[in-house]
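Load the model in your viewer and keep the selection panel handy. We will go from stop to stop, picking something new each time.

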Amino acid sequence: MQQVGKDLYQTRLAGSPQRIARQEPVVHNGDWSGAPLNRDALAAFERDGFLVLENVFSPREVEQMRSTAEAMRAHPASLARETVISEPDAGAVRSVFAPHRQSDEFDLISRDPRLAGLARFILDDEVYIHQSRLNYKPAFTGKEFYWHSDFETWHAEDGMPRMRALSMSVMLTDNHPQAGPVMFVPGSQKQFIACVGETPDENYKSSLKRQRTGIPDRASISAMVEAGGIEAPAPKAGSVVIFDCNTLHASSGNITPFERMNAFFVFNAWSNRLEQPFSASRPRPEHIAHRRVDGPLRPITRGQWDIS
């Protein structure tokens with residue numbers, strides 16, 4: 001059943017694309033005195049919609065995470081079948097969804113204060129995992145992902161009401177500027193691009209391989225890039241890239257010999273839990289958009305995870 005309440009960000013309904021001013025802050029917490037980041041870093045995140053934090057996880061921690069991620073990719077039969085997504089052409093594993101529900105290790109990482117604690121501060125609320133996944137961009141054959149705002153899909157197809165969510169991407173390999181890193185448009189989080197075209201039934205089955213619905217029009221992309229430019233950070237393993245739910249981003253294909261791998265966690269404010277989809281006939285499956293959540297994430301201490 002489609003959402004019938006007030007919709008601040010109507011999308012996939014109009015006959016022409018529109019840009020809607022953001023209604024929520026980017027940093028929801030107004031008191032920065034006790035912030036886990038310095039004021040300049042918070043201001044940069046608020047201004048640009050993304051932030052790179054270097055050396056968050058130690059080399060030993062990264063190695064442990066990468067080993068687990070490689071084992072999950074090598075043995076997909078050991079995972080819930082629907083959580084394994086392959087590349088559209090090559091057939092290689094592209095993503096494994098819900099690793100925090102299939103691995104005790106990634107469950108602990110999702111609750112690590114270096115991630116969840118920072119999310120609680122920025123969103124000024126208790127948090128839960130809306131979505132998690134392991135992303136693999138293979139050498140030579142890794143495919144591109146077109147420009148999009150995650151919130152547009154989460155709003156339209158999952159029923160996320162407001163912009164009170166963020167993503168944290170933990171780098172499990174060194175990134176290279178030539179290997180299709182994620183590109184961001186600074187400042188794009190301040191405007192919502194309403195997209196054209198109704199949501200096909202079970203759109204997620206094709207969109208997770210190659211997105212065709214819910215992508216911005218070229219004129220809007222060009223205008224935002226003209227205003228903010230494009231930045232493509234290539235951080236080292238152990239770094240974390242944080243980006244707002246509405247930041248416009250994309251990645252090009254990878255034809256280099258360098259693989260890219262990351263663990264990706266979406267933190268949503270507990271007060272922003274999912275409703276019925278705003279522009280789709282039914283919600284996406286549980287492994288993509290979590291609804292069966294008993295409560296906010298239980299915090300852990302560094303000592304429960306840090307092996308450095």
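This is a predicted model: local features need pLDDT of at least 70, side-chain atom pairs count only at pLDDT 80 or more; totals for chains, interfaces and linings use all residues.

Select Ala-219 to start: this residue sits in helix α7, residues 218–228 (helices are DSSP runs of H or I with at least four residues, strands runs of E with at least two, numbered from the N terminus). Ala-219 is exposed, at 53% relative accessible area (exposed means over 50%, buried under 20%, partly exposed in between, with a 1.4 Å probe and protein chains only).

Residues are numbered from 1 along each chain as its sequence is written, and side-chain values use heavy atoms, without hydrogens and water.

Next, colour the open sheet, whose seven strands run β2-β10-β7-β12-β5-β4-β3 with antiparallel pairing (strands pair if DSSP finds at least two bridges between them). β2 (50–53) and β3 (84–86) are at the edges with a single partner strand each, so one side of each has no neighbour in the sheet.

Zoom in on β7 (165–171) and β12 (260–269), which are joined by seven bridges. Pick Met-171 and you will find its bridge partner in β12, Asn-262.
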